[in-house]
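Have a look at the structure first, then read on.

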Amino acid sequence: MIVLSGNISKNFTQAEYHKGNATVYFKAGTMTFVRCLQAFRNWIKTPMYVVSWYRLPAENKAIGGISSSNHLNGCACDFKLSFPITQSLFIKYAKQWATICKQNGCVGEAGLYNWGVHFGMQNGTQAKANGHKFVHWDSRSGRQVNNPFKELRGL
């Protein structure tokens, strides 16, 4: 395990990784996720405003996060951009995210919300259950609709 302090990549800091004051550690897979997120940031060429990344179990429970959330292992990040993310932009970004994840030997996931985007990296159990396919969802209506975008199916 690695104790975090300062920057964890060119554009992301420990303070963004975990917004609380607890000592947190990188877990298995976290560095791969950081590399993927930084690669996406390099591609998009605009700041990403982190809403939530690593969560302690109590933090995850308090906000109603699912018990299998990839936030719990540091392999999911919710973020906003300085402009609205339309459905077409989300599809474009999610395709790039899927590509970056594959290039790094992992399987991605992406969710669209009214407030922003979730990018994650599936753990081995999740990837196997999903046939090693990219999963996505749309929660803009207030309920989650799984794999709604035909352009992202089968990635």
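H2 passes H4 in a right-handed crossing. Keep in mind that this is a predicted model.

**How H2 and H4 meet**
- Helix H2 covers residues 30–44 and helix H4 residues 87–103; their axes come within 10 Å and cross at roughly 135 degrees.
- The two helices, H2 and H4, are therefore oblique to each other.
- On the H2 side, the contact uses Phe33, Cys36, Leu37, Ala39, Phe40, Trp43 and Ile44, and these meet Lys92, Tyr93, Gln96, Trp97, Ile100 and Cys101 from H4.
- Sorted by class, that H2–H4 contact has 11 nonpolar residues, one polar and one charged.

**Aromatic pairs**
- Searching the whole structure turns up 16 aromatic pairs.
- One of them is Tyr17 with Trp53, an edge-to-face pair at 5.3 Å centre to centre, with 70 degrees between the planes.
- Tyr17 sits in helix H1 (residues 14–17) and Trp53 in the loop between strand S1 (49–52) and helix H3 (57–62), so this pair ties together parts 36 residues apart in sequence.
- Phe40 is in helix H2 and Trp97 in helix H4, so their pairing links parts 57 residues apart in sequence.
- Phe40 is buried at 0% relative accessibility, and Trp97 is buried with a relative accessible area of 0%.

**The cluster**
- Tyr17, Trp53, Phe40 and Trp97 are among the members of one aromatic cluster, which also includes Phe12, Phe26, Tyr54, Phe79 and Phe119.

Terms used:
Residues numbered from 1 in each chain as written. Predicted model: local features only at pLDDT ≥ 70, side-chain atom pairs only at ≥ 80, totals over all residues. Heavy atoms only, no water. Axes fitted to C-alpha atoms, helices over the stretch in contact; angles between N-to-C directions. Helix = DSSP H or I, 4+ residues; strand = E, 2+ residues; numbered from the N terminus. Parallel < 35°, antiparallel > 145°, perpendicular 65-115°, else oblique. Left-handed = near helix turned anticlockwise from the far one by under 90°. Contact = heavy atoms within 4.5 Å. Nonpolar A, V, L, I, M, F, W, Y, C, P; charged D, E, K, R; others polar. Phe/Tyr/Trp six-rings, centres within 6.5 Å; stacked < 30°, edge-to-face > 60°. Buried < 20%, exposed > 50% of the residue type's maximum accessible area, 1.4 Å probe, protein only.
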